[in-house]
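Subject: Structure handover and notes

Dear colleague,

Please find the structure below, followed by notes on what was found in it. I would be grateful if you could read the two side by side.

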Amino acid sequence: MILSKYTDSLLPFSASDLDTLQTEIKNKNIESWHTLMGNITQNAKDGAYRKAVKDTFKLMFRESREDEAMFVLDKEEYEIIFSKITATLTSFFDDDIEFRAIAAHFYRDARFELSDFEKVINYATEAAEKGNDLGMSILAYQYYFGSQSKGVEQDKEKGFDYADKAMLKNPINGAFTKAFLLFYDGNAEVAESIVNEIQDFENNYLASSIYTLKAELALQKNQTKEAIEFLEKAVQLNQSSHPYYLLGRFYLYGNEEIQPDFEKSISLLEKSFKKGASYAGLTLGTFLIYNDEFRDIDKGQAILEKTSSFNNFSASYELAKLYLFNEKFNTESNKEYKQKGISILENIKENHPPAYVELAYQLMIGENIAKDAQKSLNYLEQGAEKGYGYAAFYLGREYQNGIFSDDNSPNYQKALYWYERGAELDSVEAIEIAGKYYRLGVGVEPNPEKTLAYINKGIEIFNSDFSKIELALCYETGFGVERNYQKAFEAYQSVAENNNPYAHYRMGLYYRDGVLSENEEPDFEKAIHHFTVAANLDYPVAHYELSKATLYGNGIEIDTQKGLEMLHQDLENEIFDAAVDIALYYEANTDERNPEKAFEYMKKAVEDGNAPYAMYKLGLYYYSGFGVEENNEEAKKYYQLAVNNNYQYANIPLGNMEFWQETEGSKEENGFEYYVKAAEFGYYNYGLGMCYKYGIGTERNLDKAYQALKQGHEQGDILAKYHLGMCYLEGDGTSKNETQSFELFESIAEYNNAAKYQLAKAYLDGKGTDKNVETGAKYLQEVAQEDYAPAQYDLGNLYLVGNGVEENTELAVEWFTKAAENGHKGAARIINPARNKRK
């Protein structure tokens, strides 16, 4: 038992025994280290013995020997032996000033909360003041990096001063210290020049550290091969922990020149950990817990528990999460570990702010600790006050989710406040969302300047894919920048290189819609490629695009059955727009037209997906009796629902229903308001023009009528084209233009009887085209057959006088009669003249 080496009464070793032990200690024999250390601690009051063992005693604290020896101890052993060693070191203080520096180093790296940074600074300062370079180096590191949790205020200038002093006392140690600090200060070029000037260091106890620094400098220049060569040299010297760690990380993650080798990595990380590198224990422990191939929860747990004893708060944090979330600890027999996890978080929160966030989460869910929203809020605020940006982000997110509101409603103003606080603390998540809030105007007026400031910060500091996508959206919409689809696409392309599914999806849309091509020609092949990549990255909307492409044959060979199957799969993934496509298939497909199924799926898109377009379509189905009994009241309800969900085109049919008074209580003049709302969003039909032309719901204004009808014509509305033709024919709101009038009537004559009638008259009268009575008569004949009374009346007149047709009184009377039956007053007077006489 190791402890007995410190408690059994032993006389000082002989010179021969000391020589033997020294050799074994040089070779890193842990048992010999404790054998001699136990003997020294028991005989430290013997001045002659101290003199005899002084050099060997120094050796015991070099090249990580003390770290490896103390690593094997449990907590009880460690605390007892640590106390004995520190007491022994003080016995050597008057013999050699370096032992004060050694004591400072030993206290700095102590485990189990035994570190004492007041003693670290005091002992190192005393050693430095007496000209000891090790004390100077310790102070250089402590002041340069600082530590709030250890009570050491950061002072980089002071750190460099001590490094310079160390260089004067010990060129190798001092130069290494100075180069090391310069490297971490971002001045790699000067650091490299200093380290390259260090001569004859190969047999120095810092040789491994110097090779390691050379490796890190090589990595900064992407010289991976050279870096690995330096690290392998450092590892062969078996002096320090850090090269084992760096080499272990190389083999853990791999790169372009090294394939991952997990077994080799684990071995290297274990060696680094045993040499006292707690960060290696953290890396190894989390790897064993989360890696699928090498998962070993028990070993990972043991390593994290050991790492925590090094006062490594990150390891304690990971250990707490293991206890709280891993299924191993969900059993009744392991129930106490849940409380251990909570206890660890409480103990480390002051020194490790992420613990505040985890505790806040636990207080929200109330599974392992009593639910307490106020305490959760307090913990998050404390974490943010400690400078932990993610705590501020978390606060923003929970205010956004309504967690901290009495009525559970979102508080976007407070959310933005905390997102901005998080952004100030360089939380990438907070930076990303703050920019999005200002872009969309969530809780604040849209602000292009602030949006772009956050986007640029996210990109410049974190190379954030989220921020790049936000930038792409700004370029697409012209928000804060000139609209530029090419730059937007390039931003998506940059993100897609990192296998971002949304970026691939957006690129697919660009190719599908031909956004960047000269003639807006789609490139379905490239679109399908990017949709496929995004779908394979589990982005459901991209799979939906593939489903549509398969159904309609866009870039893929058409396969109706497969397309429908894929759309049903999309429905299972809650892409409810797929129900719209299925409905449209059953609405339009001639072979499988099924109005009832069309209605069923369109209704599903409304009820399950709240799809605005589907609301509009349901209105159409009810209006026309497609797949459901005709019901104008239901039609109006769904049109209004579509408008309420921002499908503004539905204002058009709502206006029509009012204009034509098709529901109870509807009024002709009410149509105007709906048509105006539709126009605000760029949607026109004939309605607004008719209202202005005849003063329905507004004052009569022929100029506005003309402009509105022109907009409706450009959007393809047939009645708008007809009435615009009448404007040109009659000079209402514009100059008369019989040619344009004729062209408009001709373009829609196939679909509109009134237009065909005007076309016939144009040929008969030679207005806007060459006069052609026969053609005019032909068109009148066609439209008269459709029971269009004006055409029937005019056709009767043609037969009466034989204009363009053979004169035929009987046919003339027949057409007059039909016109009269269809409400034509002039025809009625001809057929029944007695009715027109005064009595």
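For the charge count, Lys and Arg are taken as positive and Asp and Glu as negative, with His and the chain ends not counted, and each charge is placed at NZ of Lys, CZ of Arg, CG of Asp or CD of Glu. On that basis the chain has 86 positive and 135 negative side chains, and the centres of the two sets lie 4 Å apart.

Please keep in mind that this is a predicted model, in which local features need pLDDT of at least 70 and side-chain atom pairs count only at pLDDT 80 or more, while totals for chains, interfaces and linings use all residues. Residues are numbered from 1 along each chain as its sequence is written, and side-chain values use heavy atoms, with hydrogens and water left out.

**The chain overall**

The secondary structure comes to 47 helices and zero strands, where helices (H or I, at least four residues) and strands (E, at least two) are DSSP runs numbered from the N terminus. The radius of gyration of the chain is 43 Å, whereas a compact globule of 839 residues would have one near 28 Å; the radius is taken over C-alpha atoms, and the globule rule is 2.2 Å times the number of residues to the power 0.38. Along the principal axes, the C-alpha atoms fill a box of roughly 150 × 55 × 50 Å.

Of the 839 residues, 50% count as buried, a term that means under 20% relative accessible area, with exposed meaning over 50% and partly exposed lying in between (1.4 Å probe, protein chains only). The accessible surface comes to about 41200 Å², of which 44% belongs to carbon and sulfur atoms, and these areas come from the Shrake-Rupley method with a 1.4 Å probe, where for residues only the protein chains shown count as cover. Among the contacts (heavy atoms within 4.5 Å) with a separation of 6 or more, 49% are accounted for by residues 24 or more positions apart.

Helix H34 covers residues 595–607, and its 13 residues reach 18 Å from the first C-alpha to the last, close to the 18 Å expected at 1.5 Å a residue; the expected span is 1.5 Å times one less than the number of residues. Its buried residues are Ala-598, Phe-599, Tyr-601, Met-602, Ala-605 and Val-606, and these pack against helices H32 (560–572), H33 (577–588), H35 (612–624) and H36 (632–644).

Arg-593 sits in the loop between H33 and H34 and is partly exposed, with a relative accessible area of 49%. Not counting residues up to four places away in sequence, Arg-593 touches Tyr-586, Glu-587 and Phe-626.

**Two residues with positive phi**

Most residues other than glycine have a negative phi, which is the background for the next two. Phe-112, in the loop between helix H7 (98–108) and helix H8 (117–129), has a positive phi of about 55 degrees although it is not a glycine, and Phe-112 is buried, with a relative accessible area of 17%. Asp-426, in the loop between helix H24 (412–424) and helix H25 (428–440), has a phi near 65 degrees and counts as partly exposed at 40% relative accessibility.

Asn-311 counts as buried because its relative accessibility is 15%.

**Other buried positions**

Glu-398 belongs to helix H23 (residues 389–400) and is buried, with a relative accessible area of 7%; Met-364, Ile-403 and Phe-404 are in contact with Glu-398. Ile-194, in helix H12 (residues 188–196), is buried at 14% and is in contact with Ala-175, Lys-178, Ala-179 and Leu-182.
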